[in-house]
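Biologist: I am new to this structure and would like to learn how to read it. Could you take me through it one feature at a time?

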Amino acid sequence: MLKATNLGLRFGGREVLRGLNLTIEPGEIVTVIGPSGAGKTSLLKCLSLLEHPTSGNLQVDGEGYAFPWPEDKKLVAPWPMLTVVFQQLFLWPHLTLRENILLPHAAAAKHPPARDFNRVVEVLEMAEFLDRYPNQVSGGQRQRCALARAILLKPRYLLLDEITSALDVLQVAKITGFLPELAKQGIGMLLVTHLLNFARHTSDKVLYLENGAIVESGSKSILSKPKTPQLRAFLRAAEVAS
Amino acid sequence: MLMTALEIIWEYRVAFGQGLLVTLQMSAIIWLLGIGLGTLLGWYAAGHTSSVGRTIRVVAFVLSGVPTIVFLFWLHYPAQAMAGVVIDPFYTAVLTFVILNIIGVSDIVRGALEDFPKHYAVAARVCGMSERQTFRYIQLPLLLRGIIPGLLMLQITMLHTTLFASLISVEEVFRVAQRINAMIYKPVEIYTALGIFFLCISLPVNGLAIYLKNRFTRDVSER
């Protein structure tokens with residue numbers, strides 16, 4: 001279980017995240033929605049321990065992290081058991097997409113089973129461009145590569161930041177079907193997305209974040225029956241925008 | 001003219017050979033110490049941007065405004081007079097050019113390290129790669145792609161700079177050429193011969209720099 005308790009993050013005098021509580025069970029898909037600047041990406045960075053929260057606790061399976069983290073103590077993050085796909089993707093530009101996917105395995109001298117590799121390549125429709133470099137493919141193709149790299153690491157918790165932002169509707173539909181398949185394998189996921197339909201189809205739980213705090217959370221039914229005026233206003237705005 | 005140049009090279013092959021040996025000795029020391037110490041200094045400076053990094057930037061900026069020959073003369077005459085020592089001109093020249101090379105190399109290395117996009121390393125770490133693996137497979141190859149062509153071009157420049165050593169009586173190949181010219185007065189042929197020497201050394205290094213640039217520094221920016 002990935003559990004955040006009373007998690008807070010401050011930058012200077014600004015409170016970016018405030019008293020956040022959330023739990024991601026293995027095999028569960030939790031979606032975070034909210035307006036720009038709500039703190040979604042900061043939350044993802046804190047949960048992945050790329051950013052150290054300034055207060056609160058984080059528990060990743062048996063391992064506990066209490067913040068503020070002592071300056072003289074090295075924080076050993078549980079990567080890649082917990083891993084992230086960033087919105088900006090961060091593929092290594094000197095390697096082909098195939099090498100990008102396989103390098104973490106090659107470095108650890110543990111190659112993923114060919115069956116898993118082929119399955120991911122098939123689902124994400126990557127066979128045609130696997131041997132190209134990141135700057136020789138489209139944003140959507142890069143996005144699929146970053147996703148494939150993370151999935152093949154067999155994480156227990158996968159944090160995904162706007163992974164559909166560069167994908168067309170057909171690819172979004174494919175991934176919408178693929179994420180529950182990953183969840184069935186026991187991978188707990190946290191998705192940050194602005195696509196409400198994507199959230200409706202994939203989520204077990206939805207969190208609505210605004211000004212660094214969770215305003216409303218619950219099952220995906222909150223997307224059709226919001227309780228708070230903030231989420232209602234956000235959904236109305238999202239409907240107009242779409 | 002080329003034939004005459006080759007004939008002169010052959011006739012004075014012993015003198016040219018000795019001069020060339022001195023030039024190559026100087027270059028080897030300048031390259032080895034410059035690249036080795038410059039890389040270490042650049043590395044250290046990148047990790048200490050507020051202290052060493054700033055100092056190196058200032059020194060590089062100042063030295064870029066001082067002609068090499070002035071710096072060489074300054075170390076050869078006033079600096080030694082002030083210190084009350086007499087140093088062999090060969091070592092004075094080597095010291096001068098090593099300092100310049102160290103500063104140049106460290107500036108290239110420091111710049112490349114400071115500009116290195118941190119997110120590539122972050123992506124590696126969240127994929128479970130250790131710091132050492134991240135350095136070996138991600139940072140080092142990307143850094144070398146950025147550094148090597150500039151570094152090789154700087155070394156060619158340093159090779160050419162060794163000509164200034166003749167001005168403080170170092171018996172390197174240019175001084176040998178001057179002496180031969182004083183005896184037979186055939187400047188066109190002699191300096192053509194000298195050009196051939198430098199082309200023979202510079203072209204392979206230049207070719208390597210171009211090869212590495214084409215091979216490794218392809219445009220990696222995303223569309």
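The dialogue below goes through confidence, a sheet, its helices, the other chain, the interface and the salt bridges.

Biologist: What should I know before starting?

Modeller: This is a predicted model, in which local features need pLDDT of at least 70 and side-chain atom pairs count only at pLDDT 80 or more, while totals for chains, interfaces and linings use all residues. Residues are numbered from 1 along each chain as its sequence is written, chains are lettered from A and ligands numbered from 1 in the order in which they are written, and side-chain values use heavy atoms, with hydrogens and water left out.

Biologist: What does chain B average in pLDDT?

Modeller: pLDDT is the predictor's confidence in each residue, from 0 to 100. Chain B averages 88, and 96% of its residues score at least 70. The model has an ipTM of 0.86 and a pTM of 0.79.

Biologist: How do I read a sheet, and what is the strand order of the open sheet in chain A?

Modeller: Strands of a sheet pair through backbone hydrogen bonds, either parallel or antiparallel. Helices (H or I, at least four residues) and strands (E, at least two) are DSSP runs, numbered from the N terminus, and two strands pair if DSSP finds at least two bridges between them. Here the open sheet has six strands in the order β6-β7-β8-β3-β9-β10 of chain A, with mixed pairing. Its edge strands, which pair on one side only, are β6 (82-85) and β10 (213-218) of chain A. From one strand to the next the twist averages 20°; angles run from 0 to 180 degrees between N-to-C directions, with axes fitted as lines to C-alpha atoms, for helices over the stretch in contact.

Biologist: In which sense do β7 and β8 of chain A pair?

Modeller: Strands β7 (157-161) and β8 (188-192) of chain A are parallel, over five bridges. One example is A:Tyr157, whose bridge partner in β8(A) is A:Gly188.

Biologist: Which strands does helix α1 of chain A touch?

Modeller: Contact means heavy atoms within 4.5 Å. Helix α1 (40-47) of chain A packs on the sheet and touches β3 (29-33), β6, β7, β8 and β9 (205-210) of chain A, at about 155° to the direction of β7(A). Helix α5 (169-184) of chain A lies across β3, β7 and β8 of chain A, at about 150° to β8(A).

Biologist: How many residues of α1(A) are buried?

Modeller: Buried means under 20% relative accessible area, exposed over 50%, and partly exposed in between (1.4 Å probe, protein chains only). In α1(A), six of the eight residues are buried, so this helix is largely enclosed by the rest of the structure. Among them are A:Leu43, A:Leu44 and A:Cys46. Just after α1(A), A:Leu49 has a positive phi of about 65°.

Biologist: What elements make up chain B?

Modeller: Chain B has ten helices and zero strands. Its C-alpha atoms fill a box of roughly 70 × 45 × 25 Å along the principal axes. Of its 223 residues, 41% are buried.

Biologist: How is an interface described, and how much area do chain A and chain B bury between them?

Modeller: The size of an interface is often given as the accessible area lost when the parts come together. Buried area here is the accessible area (1.4 Å probe) that two parts lose on being put together, summed over both. Chain A and chain B bury about 2200 Å², 63% of it on carbon and sulfur atoms. A:Pro93, A:His94 and A:Asn135 supply 30% of the area that chain A buries against chain B, more than any other three residues. The contact takes 26 residues from chain A and 23 residues from chain B.

Biologist: Which residues form the salt bridge between the chains?

Modeller: B:Glu131 pairs with A:Lys74, with the closest N and O atoms 3.8 Å apart. B:Glu131 is in helix α8 (131-161) of chain B, and A:Lys74 is in the loop between β5 (63-67) and β6 of chain A. A:Lys74 is exposed, at a relative accessible area of 63%.

Biologist: How far apart along helix α6 of chain B are B:Asp107 and B:Arg110?

Modeller: An α-helix has 3.6 residues a turn, so residues three or four places apart point the same way. B:Asp107 and B:Arg110 are three residues apart in helix α6 (89-115) of chain B, and are therefore separated by about one helical turn. They form a salt bridge whose closest N and O atoms are 2.7 Å apart. B:Asp107 is partly exposed at 28%, whereas B:Arg110 is buried at 7% relative accessibility.

Key. A salt bridge is a side-chain nitrogen of Lys or Arg within 4 Å of a carboxyl oxygen of Asp or Glu.
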